[in-house]
Amino acid sequence: MVTERNPYSKHVCVIGAGPSGLVAARELRKEGHSAVVLEQNYDIGGQWLYEPRVENEDPLGKNPTLEVHSSMYASLRLTSPREIMGYTDFPFLIKKGRDMRRFPGHKELFLYLKDFCEWFKLREMIRFNTKVEYVGMLDFAKFGKEKWVVRSKDKKSEKVIEEVFDAVVVATGHYSQPRLPTIKGMDSWRRRQMHSHIYRVPDPFRNEVVVVVGNSLSGTDIAMELVGVAKEIHLSAKSLEIPEGLSKVLSKNQKYLILHPQIESLHEDGRVLFIDGSWVFADSIIYCTGYSYSFPFLDTKEMVVVDDDRVGPLYEHTFPPSLAPSLSFVGIPRKIIGFPFFESQAKWIAQILSGKRTLPSWEDMMQSIKEFYNSRDAAGVPKHKTHDIASFEYCDKYGDYCEFPRLEEWRKELCLTAVKNSITNLETYRDSWDDDELVQVAHQSTHFTQLGPEAFDL
């Protein structure tokens, strides 16, 4: 018996089996497409697949191709409570015998993704140890009818495979390629410099004088972890107007943890000079300065470019107008409740590819992008923060494209209370909170009860 293929289904390549790639694969299959997921590592998880071995990585991540994808350090815990993290139809449940904390360590989220993969039988769609080397258009096809050549290499056999797909979904994440500051003397400084991308444990810095550059999430986490291990930690921040929580930490550890403004220059004798004229002899510098978008495999004839971390032009952070809908991106936006948003992106892409939904005209998409860029510029948002959304309203509006459910009020409120608590109580917010009533509302919602009591193993 010959089964006829759905004439509207597409053969789709998904690049990456992290949180965005997994949900993209699921939504594509649900919509009737055939999808193949290419994953360079030996297992699913993307960033959440912890890799302790970083010896072969360039400390500053300057090589064109990274050896290590994950930037997770051993002690990393979630900055958001588990209740808000789950995909809409697969809650991030507490499981006996695992990390049962509200703000668990990275391994627990990896295990959640493994549960998700098993529940929806996604593993059969994934080719592991497969590195994508090239993605490009098959000649220059008719607008909107492009096909894509994908060349990949099996990392074990080194066999190269070249395939043709109707569409490509890029889901490679954005927390791997180090973003570095430009500092005078940086290239000639002879002591240890590294990006937090390869920071794993504090012990290598025992009894050292360490400068940590950046006071965002990873910078403060690492600085606090080094207290009691390093001799001194000097935290360099863009602004000395710091949140209450960090002020408390500095006050508590004032002998060992010292706040400084930005670095003016580095000197060959080991001196680190700050812009206020203060200086320190340092053994190591850890740059906790964020990450850049990077797609070294992607050849779009410059129809999609990364300009100071603005990936574009992209309509709603997803479709490049000149290559839509055959090329799309999941997981570009930051400062959102990630998993539900990636799910809505994936659902929209799958429906666009099947013809269930349609995109605006090229002109309308480009106009929308231009207006968005102008609004960011008018608000004084730097170009490299183009994709920092920080808006529940945007997520809800986005979901309207594919009739995706709006974020629950309890999810929004739990997100906000966690952020406020972290600002006020940086050192303790993961273990002490006052939003238990909201947690109960979450647990009683259909999000948590939809799988039945057998799944909620308290």
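A search of the whole structure, which is a predicted model, turns up 42 salt bridges. Let us work through some of them, and then look at the domains, a sheet and a loop.

## Exercise 1: A salt bridge within the chain

Task: Find the partner of Arg82 in a salt bridge, and say where the two residues lie.

Solution: 
- Step 1. Start from the rule: a side-chain nitrogen of Lys or Arg must be within 4 Å of a carboxyl oxygen of Asp or Glu.
- Step 2. Arg82 pairs with Glu108, and their closest N and O atoms are 3.3 Å apart.
- Step 3. Now place the two residues. Arg82 sits in the loop between strand 2 (34–38) and helix 2 (106–119), while Glu108 belongs to helix 2.
- Step 4. The two residues are 26 residues apart, and the pair links distant parts of the chain.

## Exercise 2: Where two domains meet

Task: Describe how domain 1 and domain 2 touch, using contacts and buried area.

Solution: 
- Step 1. The domain assignment gives 11–177 + 291–410 for domain 1 and 186–287 for domain 2.
- Step 2. Take the centres over C-alpha atoms: they are separated by 32 Å.
- Step 3. Look at the contacts. Here 20 residues of domain 1 meet 16 residues of domain 2.
- Step 4. Turn to area. The size of an interface is often given as the accessible area lost when the parts come together. Between domain 1 and domain 2 about 1400 Å² is buried, and carbon and sulfur atoms give 56% of that.
- Step 5. Ask who contributes on the domain 1 side. Pro59, Leu60 and Tyr73 lose the most area to domain 2, together 40% of what that side buries.

## Exercise 3: Charges and polar pairs across the interface

Solution: 
- Step 1. Recall the idea: side chains of opposite charge can pair when their charged atoms come close.
- Step 2. Across the interface of domain 1 and domain 2, the rule finds one salt bridge.
- Step 3. The side chains of Lys62 and Asp187 form a salt bridge, at 3.5 Å from N to O.
- Step 4. Polar contacts between domain 1 and domain 2 come to 11 residue pairs.
- Step 5. Sort the residues on the side of domain 1 that touches domain 2: 11 are nonpolar, six polar and three charged.

## Exercise 4: A loop with backbone details

Solution: 
- Step 1. Gly312 and Pro313 are joined by a cis peptide bond, with omega about 0°.
- Step 2. The bond from Ala324 to Pro325 is cis too, with omega near 0°.
- Step 3. Pro313 lies in the loop between strand 20 (310–312) and strand 21, and Pro325 is found in the loop between strand 20 and strand 21.

How values were computed. Residues are numbered from 1 along each chain as its sequence is written. This is a predicted model: local features need pLDDT of at least 70, side-chain atom pairs count only at pLDDT 80 or more; totals for chains, interfaces and linings use all residues. Side-chain values use heavy atoms; hydrogens and water are left out. Domain bounds come from an automatic or database domain assignment. Contact means heavy atoms within 4.5 Å. Buried area is the accessible area (1.4 Å probe) that two parts lose on being put together, summed over both. A polar contact is a pair of N or O atoms within 3.5 Å; within protein, one must be able to donate a hydrogen and the other to accept it, and residues adjacent in sequence count only if both atoms are side-chain atoms. Ala, Val, Leu, Ile, Met, Phe, Trp, Tyr, Cys and Pro count as nonpolar, Asp, Glu, Lys and Arg as charged, and the others, Gly among them, as polar. Helices (H or I, at least four residues) and strands (E, at least two) are DSSP runs, numbered from the N terminus.
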